[in-house]
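Take a look at the model first, then work along.

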Amino acid sequence: MGRCRARGCLGGQMSSLTYGQVAAMHVDPIEKKPLFHFYPGSSILSVGGNGCNLCCTFCQNFEISQHEVRGRDFSPADLAGMARSDNSLGICFTYSEPLVWFEMVLETAALVKEAGGKTVLVTNGVIMPRYWRQLLEVIDAVNIDVKAFTESFYRTYTGGSLSWVLKSVELLAQSGVHFEVSTLVIPGLNDSAKEIRELAVFLKGLQVPLAWHLNRYFPAYQADYPPTPEQSLRSLAAIGREYVPYVYLGNLRYDAMSGSGMNTLCPSCQTVVVERGDSVRVRVADGKCPRCSAEIWGVWDG
């Protein structure tokens, strides 16, 4: 068994050890992925196996990503059938790291797409390019985690490499697949204004529309750094918005006046076009702002 706890050598070949084993399953709001510009207000069947190809000291889902958990057995056809339920947009592969569950994700996603459902992937982006391209052929939307913008952070705190992730982001941008980016902001590790600005410049340089989620860190797994100060997160978001039109704040207390950085604003006139609180109110009409008719990037229902 490899470090990921999901793959190992069987009969002289590298194989999945967790194929068909579902460690977590829920129907979640699409915003929880987080995806804010892909059918906002909808729900999606969310499933995950166990294991991960990184070993982040601050992992927020360490119970299944960093430990071996025996899941319930489902076939790709089973999951594809469940994804067609009335209240589900399709299927999302999430919770742990779906890339180590490659065969299960690939086969299930193909079946869901054949049936007219949508397929979503929440990932750290650590995968070889040829397999990444193959997977993107059956995926409709991705939230990809860029954990920091220094190689030293990745090597020290995740056991991975920033260069691997940036390559996946670049290929994703070339694929035409809808994608949004997440960064967990950890005090003293990846929260400098300089680093956030450099990452924002990289995202802008992709020259494709995207949304960026800056999420508040809370102590978890092996990390006991203090939670990210809310004002620090807001200040970093202001830097991000100089380069990326849609920047959101995650894991903050909801504020009805500001939406805690969760509302979507028209980049042209700043009108709230998607309001997120106890429910999601979408005011986008035919992909445009109802006030100034500026185009609002995203995939909208209808």
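**Exercise 1.** Is Y154 buried or exposed?

*Solution.* Start with the ground rules: this is a predicted model, where local features need pLDDT of at least 70, side-chain atom pairs count only at pLDDT 80 or more, and totals for chains, interfaces and linings use all residues. Residues are numbered from 1 along each chain as its sequence is written, and side-chain values use heavy atoms, with hydrogens and water left out. Next, apply the cut-offs: buried means under 20% relative accessible area, exposed over 50%, and partly exposed in between (1.4 Å probe, protein chains only). Y154 has a relative accessible area of 0%, so Y154 is buried.

**Exercise 2.** Classify the pair of F36 and Y248, and say which parts the pair ties together.

*Solution.* Rings of Phe, Tyr and Trp (its six-membered ring) pair if their centres lie within 6.5 Å; planes under 30 degrees apart count as stacked, over 60 as edge-to-face and the rest as tilted. The structure holds nine aromatic pairs. One of them joins F36 and Y248, at 4.7 Å centre to centre with 65° between the planes, and is edge-to-face. Because F36 sits in the loop between β4 (24–29) and β5 (43–48) and Y248 in strand β12 (residues 246–250), the pair links parts 212 residues apart in sequence; strands here are DSSP runs (E, at least two residues), numbered from the N terminus. Finally, check burial: F36 counts as buried at 5% relative accessibility, and Y248 counts as buried at 2%.

**Exercise 3.** Which residues form one aromatic cluster with Y154?

*Solution.* The cluster consists of F58, F153, Y154 and Y157.

Note on methods. Helix = DSSP H or I, 4+ residues; strand = E, 2+ residues; numbered from the N terminus.
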